[in-house]
Amino acid sequence: MNRRSFLRTATAACLSTPLVNLPVSLAADAPATTKRDQRFAISTYSFWQFRHQELRDIEECIERSAAMGFDGVEILHRQMTDESNAYLQRLKRRAFVNAIDLCGFSTHQGFLRPEPEYRTRNVEHTIRCIELCYKLGIPTMRVNTGTWGTSKNFDDLMKNRGIEPPIEGYTDEDGFKWVIDGLERCLKTAERCGVVLGLENHWGLGRTPEGVMKVVNAIDSPWLQVTMDTGNFLEDPYDRLVKLAPKTVLVQAKTYFGGGLWYELDLDYRRIAKMLKQHNYQGYVSLEFEGKENPLTGIPKSLKALQLAFNT
């Protein structure tokens with residue numbers, strides 16, 4: 001018997017085997033679906049907070065995150081002190097050997113200025129950050145509209161609860177055109193690199209859910225979705241968060257042990273978890289610890305609180 005004849009005979013024998021003899025009983029007893037626990041990440045900002053210089057090192061943040069029980073890490077771009085390829089690959093290795101996903105990249109950009117040169121610089125910056133994500137293997141990147149810059153500083157902006165007037169002579173409608181144009185110019189790179197941009201409710205024209213969705217719906221691309229920040233709606237947070245849920249690809253969860261650095265919200269995370277489940281959210285919940293307590297004690301408390309809210 002030659003090889004071809006043998007294969008025909010063997011195949012026929014396999015096909016003639018009664019299906020009832022196959023070991024399917026275990027599969028039949030298994031439930032149709034299995035509940036999967038929520039996976040939690042942490043932003044490196046939670047350690048650094050722009051003030052704890054001893055906790056700025058991202059490699060150390062990755063190791064601490066793994067030791068505390070997180071599944072992923074979201075890197076804050078402003079926290080990086082090195083953008084060389086050697087450093088980026090070292091971060092990937094450090095995450096891999098600690099069984100940590102590099103699941104997000106938070107960036108800052110601004111499009112709310114009338115000067116085309118300013119907006120072009122921010123487009124170029126955003127594209128560079130997308131390429132950093134690609135080198136790091138990170139699938140989503142937080143983007144912003146930027147702010148008008150008419151506040152004296154961030155503390156002043158927070159005193160005014162994120163509200164500031166447009167630059168004199170311009171309107172929010174001018175700003176929306178600039179933001180939409182700027183982000184559209186980044187989409188080809190995002191698609192080529194496989195990085196989903198997530199527009200965050202993060203002050204500026206993103207201070208309201210209507211502002212975020214106006215930009216996302218106008219661009220109408222699978223490569224621009226939403227990063228939901230639970231702590232950036234200072235009034236009626238639940239009614240506002242639900243408007244973002246259908247397009248959300250990453251959730252940033254604020255906690256405030258020790259009191260808030262700028263403000264403090266009493267967020268019901270069981271309610272938020274239920275709302276996200278109703279919208280079939282399957283992605284990461286990434287902790288942004290913004291409390292005055294030492295991050296090394298406040299972060300573990302935060303993770304435990306989020307686990308209780310989302311997994312029970």
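**Lys 301, which at 40% relative accessibility counts as partly exposed, forms a salt bridge with Glu 293.** The closest N and O atoms of Lys 301 and Glu 293 are 3.0 Å apart, and Glu 293 counts as buried at 18% relative accessibility (buried: under 20% relative accessible area; exposed: over 50%; partly exposed: in between; 1.4 Å probe, protein chains only). The model is predicted, with local features requiring pLDDT of at least 70 and side-chain atom pairs 80 or more, while totals for chains, interfaces and linings use all residues. Numbering runs from 1 along each chain as its sequence is written, and side-chain values use heavy atoms, without hydrogens or water. The structure holds 16 salt bridges (a side-chain nitrogen of Lys or Arg within 4 Å of a carboxyl oxygen of Asp or Glu).

Helices (H or I, at least four residues) and strands (E, at least two) are DSSP runs numbered from the N terminus, and the protein chain comes to 13 helices and eight strands.

**Glu 115 and Arg 113 form a salt bridge in which the closest N and O atoms are 3.1 Å apart.** Glu 115 is partly exposed, with a relative accessible area of 33%, and Arg 113 counts as partly exposed at 30% relative accessibility.

**Phe 40 and Phe 310 form an edge-to-face aromatic pair.** Ring pairs have centres within 6.5 Å, with planes under 30 degrees apart counted as stacked, over 60 as edge-to-face and the rest as tilted, for Phe, Tyr and Trp (its six-membered ring). By this rule there are nine aromatic pairs. The ring centres of Phe 40 and Phe 310 are 5.9 Å apart and their planes stand at 80 degrees, so the pair is edge-to-face; it links distant parts of the chain, with Phe 40 in strand β1 (residues 40-43) and Phe 310 in helix α13 (residues 295-311), 270 residues apart. Phe 40 is buried, with a relative accessible area of 2%, and Phe 310 also counts as buried, at 13%. Ring pairs join Phe 40 and Phe 310 with Tyr 269 into a cluster.

**Trp 203 and Tyr 263 form a further edge-to-face pair.** Their ring centres are 6.5 Å apart, with 90 degrees between the planes. Trp 203 belongs to the loop between β5 (196-200) and α10 (209-219), whereas Tyr 263 belongs to the loop between β7 (248-255) and α12 (269-278), 60 residues away. Both count as buried, Trp 203 at 4% relative accessibility and Tyr 263 at 14%.

**Helix α10 packs through its buried residues against neighbouring elements.** The buried residues of α10 are Pro 209, Gly 211, Val 212, Met 213, Val 215, Val 216 and Ile 219, and they pack against α8 (172-184), α9 (187-193), β5, β6 (224-229) and α11 (237-244), contact meaning heavy atoms within 4.5 Å. Just after α10, Asp 220 takes a positive phi of about 50 degrees.

**Phe 105 has contacts beyond its neighbours within four places in sequence.** Among them are Glu 74, Ile 75, His 77, Met 80, Cys 129 and Leu 132.
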